[in-house]
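Here's a quick walk through some helix packing and charge pairing. Have the structure open while you read.

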Amino acid sequence: MKLVYRRKSLTQASLKLPQQWRRLYRGLVAAVLTSSSLVNLWLVQPAEAQTKAYCQLSADAIAEKESLRSSALKGNPDAQTRYKALLKKHAERLQQCRSQTWPRTQAIWLRLYPCDIRQGALDELMDRLVNRGYNQVYVETFADGQVLLPVAENRTPWPSVVRTPGAEKVDLLAQAINKGHERGLKVYAWMFSMNFGYSYSQRSDRQEVLARDGKGQTSSSVVEDGSQVFIDPYNPLAKRDYYDLVQAMVRRRPDGVLFDYIRYPRQAGASSVVTKVQDLWIYGDGAREALYQRALNNKGRDLIQRYLTKGFIRAGDVAEVDKLYPQEGSPLWQGRKPPEEEMKATPGQRQPLLQWELWQLSVAHAAQGVLDFINLASQPAARQGITTGAVFFPEGNQPIGQGGYDSRIQPWDRFPASMEWHPMSYGTCGSTNCIVSQVQRVLSQAPPGTQVQPVLAGAWGKSYNSRPSLEDQMQAIRSGTPQINAVSHFAFSWQEPEVDRDRKSCRSR
């Protein structure tokens with residue numbers, strides 16, 4: 001409605017001007033309208049103005065491109081030439097529109113399926129993304145224990161997504177990158193991180209790699225569907241497996257690599273808060289030994305072992321450690337600064353502080369494992385000059401109650417500022433307020449210069465899964481956090497569920 005109303009208002013205003021100014025005014029208005037980049041391809045009907053403000057293509061432009069794509073797929077050489085030319089034209093106009101439209105970066109999260117190896121399938125899919133005004137796509141390349149690598153080149157412990165007989169050399173990720181670039185899209189590899197998947201947990205040669213809590217459980221025992229299997233980030237074999245996987249992805253030269261699940265499992269109910277050391281996923285061999293090594297003397301190591309084994313220490317433990325190592329002063333471990341005159345106090349007087357500090361050491365140790373893992377995992381991409389990003393929950397790093405912590409232990413506020421930060425701003429409160437609050441919380445803790453790019457969940461033009469429309473969410477973000485100039489939408493499957501279902505089953509539309 002705004003485009004039509006503005007043109008009418010301009011004409012009415014011109015009637016009040018002298019004759020010679022009216023002619024000049026009408027000429028100026030005509031020149032502006034005909035030269036605008038919104039005309040032709042981007043100019044839309046008034047009823048569609050709100051959604052099309054985000055660089056979405058008009059229905060006529062979409063139909064023309066789809067007709068040419070279909071004809072080109074059937075082998076029409078003229079259609080093939082015209083289709084390629086139109087792709088280039090759309091790419092240039094998308095770039096121009098995004099450079100003039102908030103947000104400058106509008107991205108979408110996308111899962112590929114084996115059916116996408118069909119001839120023309122990726123072309124149709126990438127065209128849909130451009131039609132929606134996206135200029136970046138985050139392609140899922142490692143998730144649910146599968147990797148988007150061709151079978152013939154897959155040297156990782158995980159099975160390939162595409163295992164269709166005769167397609168052993170089909171490189172779906174490389175194809176997606178090429179076809180995205182052809183359309184002016186930046187293509188990122190989106191990877192799960194510490195969640196290695198169910199298939200990995202079934203390998204007999206990887207059992208010692210899995211994260212374990214103080215009850216000896218793996219995450220498959222506590223996550224509802226059993227598909228999320230988290231690893232011990234201190235385990236050398238886990239780190240080597242993942243490092244090799246990232247190297248394989250980087251060889252495809254994506255524009256960026258996004259790391260998801262950089263955390264421990266999210267548990268339900270009361271278990272969503274960790275309050276004791278047995279709740280932490282630090283009982284794997286790698287994590288346990290790394291924790292012992294944080295001790296700076298024998299007293300410190302002995303108390304750490306006792307605390308990890310029993311979940312507490314008593315005054316008797318403090319007294320026994322004093323007798324075992326009489327030549328040492330206060331128990332020491334990394335970061336500990338004992339009070340002056342500590343050793344003049346009785347074991348019973350010293351026990352509460354020592355136990356509290358052991359709890360804080362254990363939580364910090366769990367968090368440091370996450371940080372060390374992401375720093376190592378991002379190295380192959382960073383060395384190649386490829387952008388890296390971290391995906392996280394804005395609430396995943398917070399203390400809860402008296403001494404408790406969110407069970408995910410996700411210390412995103414200490415992620416490298418050199419990485420893009422992608423907070424999953426999925427708040428549901430009946431409005432956009434909680435979503436904006438999540439983004440504001442991240443911005444308040446981000447170092448200066450950090451690129452913060454919120455992830456929004458929803459669909460265009462309607463509320464979805466109790467969330468406002470994407471338009472409403474984006475406008476609220478723009479108003480509440482004007483420094484933000486990049487957002488992404490989770491996910492393509494939410495926006496076009498029928499298309500997603502057809503792609504899963506290889507049905508033609």
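## Helix packing and salt bridges

Let's start with two helices: the axes of α11 (residues 298-310) and α13 (residues 347-377) come within 11 Å and cross at roughly 80°. Since angles of 65 to 115 degrees count as roughly perpendicular, α11 and α13 are therefore roughly perpendicular to each other. On the α11 side, the contact is made by Leu303, Ile304 and Tyr307, while α13 brings Leu354, Gln355, Leu358, Trp359, Leu361 and Ser362. By class, that makes 7 nonpolar, 2 polar and no charged residues. Keep in mind that this is a predicted model.

Now for the charges. The salt bridge count comes to 33, and here are three of those pairs:

| Pair | Closest N to O |
|---|---|
| Arginine 306 and aspartate 317 | 2.9 Å |
| Aspartate 322 and arginine 350 | 2.8 Å |

Arginine 306 sits in α11 and aspartate 317 in α12 (residues 315-324), so this pair ties together parts 11 residues apart in sequence. Both arginine 306 and aspartate 317 are buried.

Helix α12 also holds aspartate 322, whose partner arginine 350 is in α13, 28 residues apart. Aspartate 322 counts as buried at 18% relative accessibility, and arginine 350 does too, at 4%.

What about the pair in α4 (residues 59-73)? Arginine 69 and glutamate 66 are 3 residues apart there, which means about one helical turn separates them. Arginine 69 is buried at 9% relative accessibility, whereas glutamate 66 is partly exposed at 31%. Salt bridges with shared partners join Glu66, Arg69, Glu124, Arg128, Arg132 and Glu496 into one network.

Notes: Residues are numbered from 1 along each chain as its sequence is written. This is a predicted model: local features need pLDDT of at least 70, side-chain atom pairs count only at pLDDT 80 or more; totals for chains, interfaces and linings use all residues. Side-chain values use heavy atoms; hydrogens and water are left out. Axes are lines fitted to C-alpha atoms, for helices over the stretch in contact, and angles run from 0 to 180 degrees between N-to-C directions. Helices (H or I, at least four residues) and strands (E, at least two) are DSSP runs, numbered from the N terminus. Angles under 35 degrees count as roughly parallel, over 145 as roughly antiparallel, 65 to 115 as roughly perpendicular and the rest as oblique. Contact means heavy atoms within 4.5 Å. Ala, Val, Leu, Ile, Met, Phe, Trp, Tyr, Cys and Pro count as nonpolar, Asp, Glu, Lys and Arg as charged, and the others, Gly among them, as polar. A salt bridge is a side-chain nitrogen of Lys or Arg within 4 Å of a carboxyl oxygen of Asp or Glu. Buried means under 20% relative accessible area, exposed over 50%, partly exposed in between (1.4 Å probe, protein chains only).
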